[in-house]
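Subject: Structure handover

Hello,

Here is the structure you asked about. Please open it alongside this note, and then read on for what turned up.

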Amino acid sequence: MKITIAADAAAGARVVADLVERTLRDAGDRGPVLGLATGSSPLPAYAELIRRHQEEGLSFARARAVLLDEYVGLTAAHAQSYHRVIREQFTAHLDIDDAAVMSPDGAADDPAAEALAYDRRIAEAGGVDLQILGIGANGHIAFNEPSSSLASRTRVVGLTRRTISDNARFFDDPADVPVRAISQGLGTVREARRIVLTASGEGKAEAVAQLVEGPISARWPATSLQLHPDVVVVVDEAAASRLELSDYYRSVQELEAAVPAAGTRGR
Ligand code: F6R
(Lines give C-alpha, C1' and ligand atoms only; values in the text may rest on other atoms or scores of the structure.)
Protein backbone atom coordinates (compact mmCIF):
# COMPACT_ATOMS: atom_id res chain seq x y z
CA MET A 1 0.00 0.00 0.00
CA LYS A 2 1.02 3.56 -0.51
CA ILE A 3 0.40 5.68 2.59
CA THR A 4 0.04 9.44 2.26
CA ILE A 5 -0.16 11.41 5.48
CA ALA A 6 -1.67 14.75 4.49
CA ALA A 7 -1.06 17.94 6.45
CA ASP A 8 -4.72 18.98 6.25
CA ALA A 9 -8.04 18.11 4.59
CA ALA A 10 -7.30 20.29 1.56
CA ALA A 11 -3.97 18.54 0.92
CA GLY A 12 -5.59 15.10 1.24
CA ALA A 13 -8.39 16.17 -1.10
CA ARG A 14 -5.84 17.21 -3.72
CA VAL A 15 -4.14 13.79 -3.61
CA VAL A 16 -7.47 12.01 -4.19
CA ALA A 17 -8.52 14.51 -6.87
CA ASP A 18 -5.16 14.06 -8.67
CA LEU A 19 -5.79 10.30 -8.84
CA VAL A 20 -9.29 10.88 -10.26
CA GLU A 21 -7.93 13.37 -12.78
CA ARG A 22 -5.27 10.90 -13.92
CA THR A 23 -7.93 8.19 -14.24
CA LEU A 24 -10.08 10.46 -16.42
CA ARG A 25 -7.07 11.20 -18.61
CA ASP A 26 -5.70 7.66 -18.91
CA ALA A 27 -8.91 5.68 -19.50
CA GLY A 28 -8.75 5.85 -23.30
CA ASP A 29 -11.69 5.34 -25.67
CA ARG A 30 -13.68 3.14 -23.29
CA GLY A 31 -14.29 6.06 -20.91
CA PRO A 32 -13.33 5.88 -17.24
CA VAL A 33 -15.41 4.12 -14.60
CA LEU A 34 -15.21 5.77 -11.18
CA GLY A 35 -16.32 3.95 -8.03
CA LEU A 36 -17.91 6.43 -5.63
CA ALA A 37 -18.43 6.21 -1.87
CA THR A 38 -20.98 8.24 0.05
CA GLY A 39 -20.32 9.54 3.57
CA SER A 40 -18.25 12.42 4.87
CA SER A 41 -14.71 11.16 4.10
CA PRO A 42 -14.62 11.84 0.34
CA LEU A 43 -16.49 15.18 0.53
CA PRO A 44 -13.35 17.39 0.49
CA ALA A 45 -12.11 15.47 -2.57
CA TYR A 46 -15.51 15.78 -4.27
CA ALA A 47 -15.49 19.53 -3.54
CA GLU A 48 -12.00 19.81 -5.06
CA LEU A 49 -13.13 17.90 -8.18
CA ILE A 50 -16.21 20.13 -8.54
CA ARG A 51 -13.87 23.14 -8.29
CA ARG A 52 -11.56 21.71 -10.98
CA HIS A 53 -14.58 21.07 -13.21
CA GLN A 54 -16.01 24.56 -12.74
CA GLU A 55 -12.77 26.56 -12.73
CA GLU A 56 -10.35 24.48 -14.77
CA GLY A 57 -12.65 22.68 -17.19
CA LEU A 58 -11.96 19.16 -15.93
CA SER A 59 -14.56 17.11 -17.79
CA PHE A 60 -16.41 14.01 -16.62
CA ALA A 61 -18.50 13.83 -19.81
CA ARG A 62 -17.06 10.45 -20.84
CA ALA A 63 -17.05 8.99 -17.32
CA ARG A 64 -19.41 6.53 -15.75
CA ALA A 65 -19.84 6.14 -12.00
CA VAL A 66 -20.62 3.10 -9.87
CA LEU A 67 -21.87 3.41 -6.30
CA LEU A 68 -20.80 1.04 -3.55
CA ASP A 69 -24.12 0.47 -1.86
CA GLU A 70 -27.78 1.39 -1.47
CA TYR A 71 -30.47 0.96 1.17
CA VAL A 72 -33.04 -1.77 0.53
CA GLY A 73 -36.54 -0.29 0.35
CA LEU A 74 -35.58 3.18 -0.92
CA THR A 75 -36.14 4.29 -4.50
CA ALA A 76 -33.33 6.20 -6.22
CA ALA A 77 -35.44 9.35 -5.84
CA HIS A 78 -35.80 9.02 -2.05
CA ALA A 79 -34.06 11.89 -0.22
CA GLN A 80 -31.99 9.43 1.87
CA SER A 81 -31.03 7.06 -0.96
CA TYR A 82 -27.31 6.99 -1.64
CA HIS A 83 -28.16 7.52 -5.30
CA ARG A 84 -29.79 10.85 -4.48
CA VAL A 85 -27.14 11.83 -1.90
CA ILE A 86 -24.24 11.32 -4.31
CA ARG A 87 -26.15 13.23 -6.98
CA GLU A 88 -26.74 16.21 -4.71
CA GLN A 89 -23.26 16.22 -3.16
CA PHE A 90 -21.21 15.47 -6.26
CA THR A 91 -22.44 14.35 -9.67
CA ALA A 92 -25.10 17.05 -10.24
CA HIS A 93 -22.28 19.61 -10.12
CA LEU A 94 -20.30 17.91 -12.90
CA ASP A 95 -20.92 17.32 -16.60
CA ILE A 96 -21.37 13.58 -16.05
CA ASP A 97 -24.52 12.12 -17.62
CA ASP A 98 -27.08 11.32 -14.90
CA ALA A 99 -27.86 8.02 -16.60
CA ALA A 100 -24.18 7.10 -16.33
CA VAL A 101 -24.34 7.00 -12.51
CA MET A 102 -25.10 3.42 -11.53
CA SER A 103 -26.33 2.19 -8.15
CA PRO A 104 -28.07 -0.93 -6.90
CA ASP A 105 -31.86 -0.53 -7.14
CA GLY A 106 -32.90 -0.45 -3.49
CA ALA A 107 -36.56 -0.73 -4.49
CA ALA A 108 -36.11 -3.91 -6.57
CA ASP A 109 -38.76 -6.59 -5.90
CA ASP A 110 -36.03 -9.16 -5.41
CA PRO A 111 -33.03 -7.46 -3.71
CA ALA A 112 -30.92 -10.67 -3.78
CA ALA A 113 -31.35 -10.95 -7.56
CA GLU A 114 -30.65 -7.22 -7.91
CA ALA A 115 -27.38 -7.68 -5.99
CA LEU A 116 -26.26 -10.44 -8.37
CA ALA A 117 -27.29 -8.33 -11.35
CA TYR A 118 -25.30 -5.37 -10.00
CA ASP A 119 -22.07 -7.37 -10.04
CA ARG A 120 -22.84 -8.24 -13.67
CA ARG A 121 -23.55 -4.59 -14.55
CA ILE A 122 -20.20 -3.53 -13.09
CA ALA A 123 -18.44 -6.18 -15.17
CA GLU A 124 -20.37 -5.13 -18.30
CA ALA A 125 -19.25 -1.53 -17.72
CA GLY A 126 -15.69 -2.85 -17.96
CA GLY A 127 -14.97 -2.84 -14.23
CA VAL A 128 -14.04 0.06 -11.97
CA ASP A 129 -10.86 1.99 -12.87
CA LEU A 130 -10.57 3.90 -9.60
CA GLN A 131 -12.58 3.09 -6.46
CA ILE A 132 -12.86 5.83 -3.84
CA LEU A 133 -13.45 4.44 -0.35
CA GLY A 134 -14.07 5.65 3.18
CA ILE A 135 -13.67 3.37 6.19
CA GLY A 136 -15.87 2.84 9.25
CA ALA A 137 -14.43 3.09 12.76
CA ASN A 138 -14.95 -0.70 12.99
CA GLY A 139 -13.02 -1.25 9.76
CA HIS A 140 -15.99 -1.68 7.43
CA ILE A 141 -15.78 -0.68 3.79
CA ALA A 142 -19.01 -0.25 1.85
CA PHE A 143 -21.49 -2.10 4.13
CA ASN A 144 -19.11 -5.00 4.74
CA GLU A 145 -19.25 -5.17 8.51
CA PRO A 146 -16.93 -7.37 10.62
CA SER A 147 -17.48 -11.07 9.79
CA SER A 148 -17.98 -10.31 6.07
CA SER A 149 -16.37 -12.92 3.86
CA LEU A 150 -13.16 -11.60 2.37
CA ALA A 151 -14.39 -13.09 -0.93
CA SER A 152 -17.92 -11.65 -0.68
CA ARG A 153 -19.79 -10.45 -3.75
CA THR A 154 -22.51 -7.81 -3.99
CA ARG A 155 -25.30 -9.03 -1.72
CA VAL A 156 -28.01 -8.05 0.73
CA VAL A 157 -26.58 -7.25 4.17
CA GLY A 158 -28.21 -6.45 7.52
CA LEU A 159 -27.35 -3.01 8.91
CA THR A 160 -25.88 -2.67 12.39
CA ARG A 161 -28.15 -1.42 15.19
CA ARG A 162 -25.97 1.66 15.30
CA THR A 163 -26.53 2.50 11.62
CA ILE A 164 -30.27 1.91 11.94
CA SER A 165 -30.56 4.18 14.99
CA ASP A 166 -28.30 6.84 13.40
CA ASN A 167 -30.56 6.92 10.34
CA ALA A 168 -33.84 7.03 12.29
CA ARG A 169 -33.72 10.83 12.56
CA PHE A 170 -34.08 11.18 8.79
CA PHE A 171 -37.40 9.32 8.62
CA ASP A 172 -40.85 10.42 9.79
CA ASP A 173 -42.05 6.86 10.25
CA PRO A 174 -39.74 4.43 12.14
CA ALA A 175 -41.13 1.65 9.92
CA ASP A 176 -39.46 3.31 6.92
CA VAL A 177 -35.92 3.23 8.37
CA PRO A 178 -33.91 0.78 6.24
CA VAL A 179 -32.61 -2.29 8.07
CA ARG A 180 -30.87 -3.83 5.06
CA ALA A 181 -28.68 -2.64 2.21
CA ILE A 182 -27.33 -3.97 -1.06
CA SER A 183 -23.56 -3.67 -0.79
CA GLN A 184 -20.66 -4.49 -3.06
CA GLY A 185 -18.74 -7.31 -1.43
CA LEU A 186 -15.09 -7.24 -0.43
CA GLY A 187 -14.26 -9.43 -3.43
CA THR A 188 -16.18 -7.05 -5.71
CA VAL A 189 -14.45 -3.95 -4.31
CA ARG A 190 -11.03 -5.58 -4.83
CA GLU A 191 -11.74 -6.00 -8.55
CA ALA A 192 -11.29 -2.25 -9.05
CA ARG A 193 -8.01 -1.60 -10.87
CA ARG A 194 -6.92 0.99 -8.34
CA ILE A 195 -8.33 1.92 -4.93
CA VAL A 196 -7.93 5.11 -2.92
CA LEU A 197 -9.16 5.06 0.65
CA THR A 198 -9.43 8.28 2.59
CA ALA A 199 -9.91 8.76 6.33
CA SER A 200 -9.61 11.58 8.81
CA GLY A 201 -9.87 12.05 12.56
CA GLU A 202 -8.85 10.15 15.66
CA GLY A 203 -12.00 8.02 15.48
CA LYS A 204 -10.60 6.25 12.39
CA ALA A 205 -7.06 5.76 13.77
CA GLU A 206 -7.49 2.17 14.98
CA ALA A 207 -9.25 1.10 11.76
CA VAL A 208 -6.48 2.71 9.67
CA ALA A 209 -3.76 1.00 11.75
CA GLN A 210 -5.47 -2.36 11.24
CA LEU A 211 -5.99 -1.69 7.52
CA VAL A 212 -2.33 -0.90 6.91
CA GLU A 213 -0.47 -2.98 9.50
CA GLY A 214 -2.90 -5.49 10.98
CA PRO A 215 -3.34 -9.13 10.07
CA ILE A 216 -5.87 -9.81 7.31
CA SER A 217 -9.05 -10.70 9.10
CA ALA A 218 -12.84 -10.55 8.79
CA ARG A 219 -12.73 -8.75 12.17
CA TRP A 220 -11.43 -5.68 10.28
CA PRO A 221 -12.91 -6.05 6.77
CA ALA A 222 -10.76 -3.29 5.25
CA THR A 223 -7.66 -5.44 5.86
CA SER A 224 -8.75 -7.43 2.79
CA LEU A 225 -7.38 -4.49 0.75
CA GLN A 226 -3.87 -5.73 1.65
CA LEU A 227 -4.50 -8.35 -1.05
CA HIS A 228 -4.88 -5.64 -3.72
CA PRO A 229 -1.73 -4.54 -5.58
CA ASP A 230 -2.63 -0.87 -6.05
CA VAL A 231 -4.11 0.82 -2.97
CA VAL A 232 -3.43 4.40 -1.92
CA VAL A 233 -4.37 5.34 1.66
CA VAL A 234 -4.77 9.09 2.26
CA VAL A 235 -5.05 10.04 5.93
CA ASP A 236 -4.66 13.10 8.11
CA GLU A 237 -2.34 13.22 11.14
CA ALA A 238 -5.10 12.14 13.55
CA ALA A 239 -6.16 9.12 11.48
CA ALA A 240 -2.45 8.20 11.08
CA SER A 241 -1.75 8.50 14.81
CA ARG A 242 -1.75 4.75 15.58
CA LEU A 243 0.41 3.67 12.65
CA GLU A 244 3.54 2.07 14.10
CA LEU A 245 5.64 2.67 10.99
CA SER A 246 4.56 6.22 10.20
CA ASP A 247 8.20 7.41 10.07
CA TYR A 248 8.82 4.98 7.21
CA TYR A 249 5.67 6.07 5.33
CA ARG A 250 6.69 9.72 5.72
CA SER A 251 10.20 9.05 4.40
CA VAL A 252 8.81 7.25 1.33
CA GLN A 253 6.38 10.11 0.81
CA GLU A 254 9.25 12.63 0.91
CA LEU A 255 11.27 10.51 -1.50
CA GLU A 256 8.40 10.31 -3.98
CA ALA A 257 7.83 14.07 -3.72
CA ALA A 258 11.52 14.58 -4.57
CA VAL A 259 11.48 11.97 -7.37
CA PRO A 260 8.07 12.35 -9.03
CA ALA A 261 8.90 9.56 -11.49
CA ALA A 262 8.30 7.21 -8.58
CA GLY A 263 4.67 7.99 -9.39
CA THR A 264 1.62 7.12 -7.32
CA ARG A 265 1.50 3.37 -7.83
CA GLY A 266 0.57 1.46 -4.73
CA ARG A 267 2.93 -1.13 -3.40
C1 F6R B 1 -20.31 4.75 1.93
C2 F6R B 1 -19.86 3.54 2.60
C3 F6R B 1 -19.30 3.51 3.97
C4 F6R B 1 -18.50 4.75 4.38
C5 F6R B 1 -17.97 4.59 5.81
C6 F6R B 1 -17.27 5.85 6.30
O7 F6R B 1 -20.82 4.48 0.63
O8 F6R B 1 -20.02 2.53 1.99
O9 F6R B 1 -18.49 2.37 4.10
O10 F6R B 1 -17.43 4.95 3.51
O11 F6R B 1 -19.03 4.30 6.67
O12 F6R B 1 -18.22 6.88 6.43
P13 F6R B 1 -17.77 8.37 6.68
O14 F6R B 1 -16.95 8.76 5.51
O15 F6R B 1 -19.07 9.15 6.74
O16 F6R B 1 -16.99 8.39 7.95
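Two strands count as paired if DSSP finds at least two bridges between them. Helices (H or I, at least four residues) and strands (E, at least two) are DSSP runs, numbered from the N terminus.

Before the findings, some ground rules. This is a predicted model, in which local features need pLDDT of at least 70, side-chain atom pairs count only at pLDDT 80 or more, and totals for chains, interfaces and linings use all residues. Residues are numbered from 1 along each chain as its sequence is written, and side-chain values use heavy atoms, with hydrogens and water left out.

The main sheet

Start with the open sheet of 7 strands. Its order is β1-β10-β9-β6-β2-β3-β5, with parallel pairing. β1 and β5 stand at the edges with a single partner strand each, so one side of each has no neighbour in the sheet.

Now walk in from β1. Strand β1 (residues 2-6) runs parallel to β10, and 5 bridges join them. Lysine 2 stands opposite valine 232 in β10. Threonine 4 has valine 234 of β10 as its bridge partner.

On to β9. Strand β9 (residues 194-199) pairs with β10 in the parallel sense over 5 bridges. Here threonine 198 has valine 234 in β10 as its bridge partner. β9, helix α7 (residues 205-213) and β10 make a right-handed β-α-β unit. Right-handed means that, with the strands pointing away from the viewer, the path from the first strand over the helix to the second runs clockwise.

β6 follows. It pairs with β9 in the parallel sense over 4 bridges. Glutamine 131 has isoleucine 195 in β9 as its bridge partner. Strand β2 (residues 33-36) also pairs with β6 in the parallel sense, over 2 bridges. There, leucine 34 has leucine 130 in β6 as its bridge partner.

What is buried in the sheet

Buried means under 20% relative accessible area, exposed means over 50%, and partly exposed lies in between (1.4 Å probe, protein chains only).

How many residues of strand β10 (residues 231-236) are buried? The count is 6 of the 6, so β10 is largely enclosed by the rest of the structure. Val231, Val233 and Val235 point one way, while Val232, Val234 and Asp236 point the other way. In a regular strand, side chains alternate between the two faces of the sheet.

β6 is covered on both faces. Leu130 and Ile132 are buried on one side, and Gln131 and Leu133 are buried on the other.

Other strand pairs

β8 has two antiparallel pairings to look at. 4 bridges join β7 to β8 in the antiparallel sense, and valine 157 stands opposite alanine 181 in β8.

Helix α4

Helix α4 (residues 111-124) has 14 residues. It reaches 19 Å from its first C-alpha to its last, close to the 20 Å expected at 1.5 Å a residue. That expected span is 1.5 Å times one less than the number of residues.

Which residues of α4 are buried? They are Pro111, Glu114, Ala115, Ala117, Tyr118, Asp119 and Ile122. What covers them includes β3 (64-67), β5 (101-102), β7 (155-158), β8 (180-183) and α6 (186-189). Just after α4, glycine 126 takes a positive phi of about 100 degrees.

Two loop residues to check

Alanine 142 lies in the loop between β6 (130-133) and β7. Its phi is near 50 degrees, a positive value in a residue other than glycine. At 11% relative accessibility, alanine 142 counts as buried.

Serine 147 lies in the loop between β6 and β7. It is not a glycine, yet its phi is positive, at about 95 degrees. At 65% relative accessibility, serine 147 counts as exposed.

The largest pocket

The largest pocket holds about 830 Å³ of space. Of the 33 residues that line it, the closest to its centre are Thr38, Gly39, Tyr82, His140 and Phe143. The elements that give two or more residues to the lining are β4 (69-71), α3 (82-89) and α5 (161-167). α5 gives the most, with 4 residues.

On a 1 Å grid over the protein atoms alone, a pocket is an open set of points with protein on both sides within 12 Å along at least five of seven lines, where a 1.4 Å probe fits; lining residues have an atom within 4 Å of a point. Grid points are joined across faces, edges and corners, and the volume is the space filled by probe spheres set on the points.

Best wishes

Notes
Contact means heavy atoms within 4.5 Å.
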